[in-house]
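Please open the structure in a viewer and keep the sequence beside it.

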Amino acid sequence: SASLREFGDEVLIVRNETPRGPAAARNQGVSAMDADLVAFLDDDDRWLAGKIKTCLAGFLTHPDAVMVFHQVAFDWDRNGNPPSMSLVENPVARMLHRQPPHLDGVMVPRHVHQSVLFDESFRASEDLDYLLRIASSGPVIELGSTLAVHGARPDHPSAISMESRIAGRRQFRDKHAALFDRKAQAYFDLRIGHQYRRSGQRRSASASFLRSLLRDPLWVPPWKGLLGLTLSDRRVQQIARAARRR
């Protein structure tokens, strides 16, 4: 907080005596502000130059948008993307069938946030639930630019346990079961498989990857997941980084 004092009244610090969890903290933070637009930044991440201006351009181009989001790169494996702006054809499918936006890459109107709020019953995956409910409410704009960097590294474990992450994913799936088509379920099983792999539960990971393949046998990522079970986590990360650089 000392480093924020130089900004004076531009920054409002809200403290809690005991942790309330990320969903409650974000709701509390937004409730304390009076700006028209809301953007998020985790403490281990950073925005890049031009982020606010570019997101504002999205809302100026599409005033009825309920969300503008952009790419977020990992600090140890950064790649630039060419600038672009597109109206997402099916926002709900975009959230369920592919990796959803990182919260550091999201900007929403404050009134949209207030109508949705983070579900404080979630201890993890509250961001997935939040983004899906916003995506269900109106037009969504996707920017091709990379305008934030995710600073957490694979050798620095998150404060949220893998067990909580898996439980959060399942809570998310159960809450929105009516929206889960075959492709969404295949993606869900894929992500759960990777979480099981990272927690060392290789048998459960294998079962999840196989369930994903049963739903979509020609989809390549679950096959890669099964292959990854034969390799060390470090080797999987090296291969993934090499593939992203191509």
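**First stop: the loop between α4 and α5**

Begin by selecting S125, which is placed in the loop between α4 and α5. The model is a predicted one, in which local features need pLDDT of at least 70 and side-chain atom pairs count only at pLDDT 80 or more, while totals for chains, interfaces and linings use all residues. Residues are numbered from 1 along each chain as its sequence is written, and side-chain values use heavy atoms, with hydrogens and water left out.

S125 is buried, at a relative accessible area of 10%. Buried means under 20% relative accessible area, exposed means over 50%, and partly exposed lies in between, with a 1.4 Å probe and protein chains only. The backbone of S125 deserves attention: its phi is positive, about 65 degrees, although the residue is not a glycine. Most residues other than glycine have a negative phi.

Next, select L117, which lies in the loop between α4 (110-116) and α5. L117 also is not a glycine, yet has a positive phi of about 60 degrees. Is L117 buried or partly exposed? With a relative accessible area of 33%, L117 is partly exposed.

**Second stop: the whole chain**

Zoom out to view the protein chain, whose secondary structure comes to 10 helices and 6 strands. Of its 246 residues, 39% are buried. Among contacts (heavy atoms within 4.5 Å) with a separation of 6 or more, 76% are between residues 24 or more positions apart.

Select W47 in strand β2 (residues 45-47). This residue counts as partly exposed, at 32% relative accessibility. Which residues does W47 touch, not counting those up to four places away in sequence? They are A39, F40, L41, I52, D104, L147 and A148.

Then move to S137, in the loop between α5 (126-135) and β6 (140-150). S137 is partly exposed, at 46% relative accessibility. Its C-alpha atom is separated by 8.7 Å from that of V112, 25 residues apart along the chain.

Display α5 together with helix α6 (residues 162-175); their axes are 9 Å apart and the helices pack at an angle of about 25 degrees. That angle makes α5 roughly parallel to α6. Axes are lines fitted to C-alpha atoms, for helices over the stretch in contact, and angles run from 0 to 180 degrees between N-to-C directions. Angles under 35 degrees count as roughly parallel, over 145 as roughly antiparallel, 65 to 115 as roughly perpendicular and the rest as oblique. To see the contact, show L128, D129, L132 and R133 of α5 with R169, F172 and K175 of α6.

Now select Q195, which lies in helix α7. Q195 is buried, with a relative accessible area of 8%. Leaving aside residues up to four places away in sequence, Q195 touches M162, R165, I166 and R169.

Show α7 and α8, whose axes come within 8 Å and cross at roughly 165 degrees. This makes α7 roughly antiparallel to α8. Residues of α7 that meet α8 include R182, A186, D189 and R197, and their counterparts in α8 include S204, S208, R211 and R215.

**Last stop: α9**

Finally, select P222, G225, L226 and G228, the residues listed as buried in α9. Their arc around the axis is only 160 degrees, which puts them on the same side of α9. Turn to the other side of α9 to find W223, K224 and L227 exposed.

Terms used. Helices (H or I, at least four residues) and strands (E, at least two) are DSSP runs, numbered from the N terminus. The arc is that of the directions from the helix axis to the C-beta atoms.
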